[in-house]
Amino acid sequence: MTIDIKKFAGCRILVAGDLMVDEYLWGDVERISPEAPVQIVSVASEEHTLGGAGNVISNLVALGAKVSAAGVIGSGTNGELVLTKLNALGVNTQGVVQDPQRPTTRKTRIIADHQHVLRFDREVKTEISRQTMNKIARAAAEMSADADLILVSDYGKGLITKALMTKLIAAAQKHNKLLIVDPKGLDFKKYAGASLITPNKKETALAAGIEIVDEDSLAKAARRLIEKTGIDKILVTCGKEGMVYFEQDTRPYRIGTKARQVFDVSGAGDSVLAVLGLGIAAGYSIKEAVALANTAAGIVVGKVGTATVSKTELAAALNLIPALER
Ligand SMILES: Nc1ncnc2c1ncn2[C@@H]1O[C@H](COP(=O)(O)OP(=O)(O)OP(=O)(O)O)[C@@H](O)[C@H]1O
Ligand SMILES: [Mg+2]
């Protein structure tokens, strides 16, 4: 497979999904609280990054894509943080709608003496209001006309309702664009009309209602989802076992991972969605894009903290360094 990573630059991707703030607090533990038998973490530094669909966007931008975003934020400082970060990445935020009735999803991790000791989430998962949905759908429909491809990153936070999904799919079909979904939840029927979905193994088992214990049950579950949703392309990500791509009436395409030191597997799914979409938008076949996504995710899990992969890293992993302009 010859891949020209330079082709990623200028690809235009619309990302609709649950935007979040990932907050990290690092500190030291010097004593136990006098108030309760708990550690006192003295916070030494903190960092805020884009999470959820925002992490998909970070991955796309790191590879040179031009991104537009659709989603919901609250009216407070966390919502502003999301907007500021998206703007700093050069993202078109026309579809990022502020709803003062909702908080911006924030996941806070506390890392004390290099140990992850606690995470707390501030969020609501209720469905967005009809008014917010209509605003987002209108902007997304407009932006999809200028996009090469649409990605939907559903983290189950109430944004990707059946109603919004229906409108996103209608926009994709109207403009003849592929739409790829990283799904959540038990009912995948709401994604009907999507071109491809990328559930992990656990999500596949839950949505299909089939326990996955081996190759056969995995294939059975994927086929069941194809039947249930009418979506004929499914990429099941299988953590350290890599991924398997299923397409109606063809043999599954399995791709393994390279043995490597793993530091942080969170966000691997976001990198898969981003690189798969970008690969297809750049003109590669789905199987080629699947292989690219697998390589990219393998790099990301080997990194501490930042969860994106650069063009140079991806090229190096594909042994393409000479083909890159330095
Ligand atoms: N331990 C690992 N070693 C190598 N590659 C890995 C490992 N874990 C994940 N990956 C890569 O990342 C891809 C996605 O991982 P996974 O199936 O865990 O997705 P996910 O559950 O959606 O991830 P997350 O929700 O944490 O972002 C895998 O298909 C594989 O390419
Ligand atoms: Mg995932």
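Colleague: Is aspartate 113 buried, exposed or partly exposed?

Modeller: Partly exposed, because its relative accessibility is 39%. Keep in mind that this is a predicted model.

Colleague: Where does aspartate 113 lie?

Modeller: In the loop between strand S6 (105-112) and S7.

Colleague: And what is the phi of aspartate 113?

Modeller: Positive, about 50°, although aspartate 113 is not a glycine. Histidine 114 also has a positive phi, of about 65°, and is not a glycine either.

Colleague: Where does histidine 114 lie? And is histidine 114 buried or exposed?

Modeller: Histidine 114 lies in the loop between S6 and S7. It is exposed, with a relative accessible area of 80%.

Colleague: On to S7. Which residues make the nonpolar surface patch?

Modeller: Val117, Leu118 and Phe120. The patch has an area of about 240 Å². Leucine 118 sits in strand S7, residues 115-122.

Colleague: How does leucine 118 count, in terms of accessibility?

Modeller: Leucine 118 counts as partly exposed, at 46% relative accessibility. Patch residues need over 30% relative accessible area, so leucine 118 clears that cut-off with its 46%.

Colleague: Switching to charges. How many salt bridges are there?

Modeller: The count comes to 14. One of them joins the side chains of arginine 122 and glutamate 23, at 3.5 Å from N to O.

Colleague: What does the pair of arginine 122 and glutamate 23 tie together?

Modeller: Parts that are 99 residues apart in sequence, because arginine 122 lies in strand S7 and glutamate 23 in strand S2 (residues 19-32).

Colleague: Which residues are linked in a network of salt bridges?

Modeller: Glu23, Arg106 and Arg122.

Colleague: What does the side chain of threonine 132 make a polar contact with?

Modeller: The side chain of aspartate 99, at 3.2 Å. Threonine 132 lies in helix H3, residues 130-144. It counts as buried, because its relative accessibility is 5%.

Colleague: Now the ligand. How many residues surround ligand 1, and which are the closest?

Modeller: 18 residues surround ligand 1. The closest are Asn200, Thr237, Gly239, Gly269 and Asn294.

Colleague: How do the shell residues divide by type?

Modeller: Into 8 nonpolar, 9 polar and 1 charged.

Colleague: Which helices each supply at least two residues of that shell?

Modeller: Helix H7 (268-281) and helix H8 (286-300). The largest share of the shell, 3 residues, comes from H7.

Colleague: What about backbone atoms close to the ligand oxygens?

Modeller: Glycine 269 has a backbone N or O atom 2.8 Å from an oxygen atom of ligand 1. For alanine 268, a polar backbone atom is 3.2 Å from an oxygen atom of the ligand. For valine 265, a backbone N or O atom lies 3.4 Å from a ligand oxygen atom.

Colleague: How much of the accessible area of ligand 1 does the protein cover?

Modeller: 83% of the 630 Å² that ligand 1 has on its own.

Colleague: Last topic. Where is glycine 283, and is glycine 283 buried or exposed?

Modeller: Glycine 283 is in the loop between H7 and H8. It is exposed, with a relative accessible area of 58%.

Colleague: How far apart are glycine 283 and histidine 116?

Modeller: 40 Å in space, C-alpha to C-alpha, and 167 residues in sequence.

Note on methods:
Residues numbered from 1 in each chain as written. Chains lettered and ligands numbered in written order. Predicted model: local features only at pLDDT ≥ 70, side-chain atom pairs only at ≥ 80, totals over all residues. Heavy atoms only, no water. Patch = residues over 30% accessible without salt bridge, like charges linked within 9 Å, V, L, I, M, F, W, Y side chains within 5 Å. Areas by Shrake-Rupley, 256 points an atom, 1.4 Å probe, with all protein chains shown as cover. Salt bridge = Lys/Arg side-chain N within 4 Å of Asp/Glu carboxyl O. Helix = DSSP H or I, 4+ residues; strand = E, 2+ residues; numbered from the N terminus. Buried < 20%, exposed > 50% of the residue type's maximum accessible area, 1.4 Å probe, protein only. Near = heavy atom within 4 Å. Polar contact = N/O pair within 3.5 Å; in protein donor to acceptor, adjacent residues only side chain to side chain. Nonpolar A, V, L, I, M, F, W, Y, C, P; charged D, E, K, R; others polar.
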